[in-house]
Amino acid sequence: MFATTNQDTVAQLLESVGLAGAQASDKLQALATADARYLKDLKINVTNSLGAATLSKKEAYFIGVAVAVNEKHQALQAAFEKLAQQEGATDKEIAEVISCTSLMNANNVFYRFRHFVNKEFYTSTPAGIRMSIMANPVLGKEFFELLSLVISALNGCEMCVTSHEEAVVKHGTEPQRVLDAVRLGAVLRSLVVLL
């Protein structure tokens with residue numbers, strides 16, 4: 001009885017992120033076999049986070065693409081790209097999500113270094129990292145900043161998180177939208193750990 005229910009939970013979880021019919025990982029299978037209560041929590045967390053009222057489906061799927069790129073999970077990236085395209089996403093928008101994720105990885109390392117070392121030379125010298133895509137993003141400034149915030153939170157860069165949160169708020173973004181976006185990133189990362 002439990003095994004069937006848990007297998008159904010695994011199948012529903014994978015379906016919710018566009019991986020319907022995919023082979024469940026050994027980690028997910030182990031949770032299903034052990035009747036781990038967390039499996040149901042994870043399914044609810046993923047479903048609720050993807051369905052947050054402050055994010056459109058396309059935006060939620062873009063965050064999914066970014067998390068998958070950041071965590072180097074190609075199958076999940078492809079699944080979220082397909083879901084985003086079903087919501088009207090263009091190739092340019094998807095490319096910009098990928099570009100934003102890459103740029104934030106450079107910035108997160110660089111600015112985290114500045115913050116950790118905290119020496120005048122490093123903090124006052126220009127970064128020397130081109131960021132022209134931030135000037136006029138296809139995704140719009142508000143969502144580009146929100147996406148940058150999510151990736152920076154995943155990568156643990158305090159300076160970038162603070163900077164992007166301030167920028168998003170200046171665009172008129174409500175705190176609930178910020179929280180929903182970051183929660184989605186965090187929950188999807190917890191899923192990737194098991195994929």
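A residue counts as buried under 20% relative accessible area, as exposed over 50%, and as partly exposed in between. By that rule Lys58 is partly exposed, because its relative accessible area is 22%. The structure described here is a predicted model.

Helix α4 spans residues 57–70 and helix α6 spans residues 91–117. The two pack at an angle of about 45°, with their axes 9 Å apart. Angles between 35 and 65 degrees fall into the oblique class, and α4 and α6 are therefore oblique to each other. Their crossing is right-handed. On the α4 side, the contact is made by Lys58, Phe62, Val65, Ala66, Val69 and Asn70. Their counterparts in α6 are Glu93, Ile94, Val97, Ile98, Thr101 and Asn105. By class, the contact of α4 with α6 holds seven nonpolar, three polar and two charged residues.

Side chains of opposite charge can pair when their charged atoms come close. Five salt bridges are counted in the model. One of them joins the side chains of Glu93 and Lys58, at 3.3 Å from N to O. Glu93 sits in α6 and Lys58 in α4, so this pair ties together parts that are 35 residues apart in sequence. Glu93 has a relative accessibility of 12% and therefore counts as buried. Lys58, at 22%, is partly exposed.

A salt bridge also links Glu142 and Arg177, with 2.9 Å between the closest N and O atoms. Glu142 lies in helix α8 (residues 141–155) and Arg177 in helix α10 (residues 175–194), so the pair connects parts 35 residues apart in sequence. Glu142 is buried at 19% relative accessibility. Arg177 is buried too, with a relative accessible area of 12%.

Asp180 is buried at 7% relative accessibility. Arg183 is partly exposed at 38%. Salt bridges that share partners also join Glu59, Glu142 and Arg177 into one network.

Helix α6 also packs against α8. The axes of these helices come within 9 Å and cross at roughly 50°. This angle too lies in the oblique range, so α6 and α8 are oblique to each other. The crossing is right-handed. From α6, the contact takes in Glu96, Val97, Cys100, Thr101, Met104, Asn105, Asn108 and Arg112. From α8, it takes in Phe144, Leu147, Ser148, Ile151, Ser152 and Asn155. These residues divide into six nonpolar, six polar and two charged. Val97, Thr101 and Asn105 of α6 take part in this contact, and they are also listed in the contact with α4.

Helix α8 meets α9 as well. Their axes come within 8 Å and cross at roughly 155°. Angles over 145 degrees count as roughly antiparallel, and α8 and α9 are therefore roughly antiparallel to each other. Here the crossing is left-handed. Helix α8 contributes Glu142, Glu145, Leu146, Ser148, Leu149, Ser152 and Ala153. Helix α9 contributes Cys160, Val161, His164, Glu165, Ala167 and Val168. Seven nonpolar, three polar and three charged residues make up the contact of α8 with α9. Glu142, one of the α8 residues in this contact, is also the salt-bridge partner of Arg177.

Two further residues were examined by C-alpha separation. Thr162 is found in helix α9, which covers residues 158–170. It is partly exposed, with a relative accessible area of 39%. The C-alpha atoms of Thr162 and Leu149 are separated by 8.2 Å, and the two residues are 13 residues apart along the chain. Leu149 is among the α8 residues that contact α9.

Ala186 lies in helix α10. At 41% relative accessibility, Ala186 is partly exposed. Ala186 and Ser49 are 137 residues apart in sequence. In space, their C-alpha atoms are 9.5 Å apart.

Terms used:
Residues are numbered from 1 along each chain as its sequence is written. This is a predicted model: local features need pLDDT of at least 70, side-chain atom pairs count only at pLDDT 80 or more; totals for chains, interfaces and linings use all residues. Side-chain values use heavy atoms; hydrogens and water are left out. Axes are lines fitted to C-alpha atoms, for helices over the stretch in contact, and angles run from 0 to 180 degrees between N-to-C directions. Helices (H or I, at least four residues) and strands (E, at least two) are DSSP runs, numbered from the N terminus. Angles under 35 degrees count as roughly parallel, over 145 as roughly antiparallel, 65 to 115 as roughly perpendicular and the rest as oblique. A crossing is left-handed if the near helix is turned anticlockwise from the far one by less than a right angle, and right-handed if clockwise. Contact means heavy atoms within 4.5 Å. Ala, Val, Leu, Ile, Met, Phe, Trp, Tyr, Cys and Pro count as nonpolar, Asp, Glu, Lys and Arg as charged, and the others, Gly among them, as polar. A salt bridge is a side-chain nitrogen of Lys or Arg within 4 Å of a carboxyl oxygen of Asp or Glu. Buried means under 20% relative accessible area, exposed over 50%, partly exposed in between (1.4 Å probe, protein chains only).
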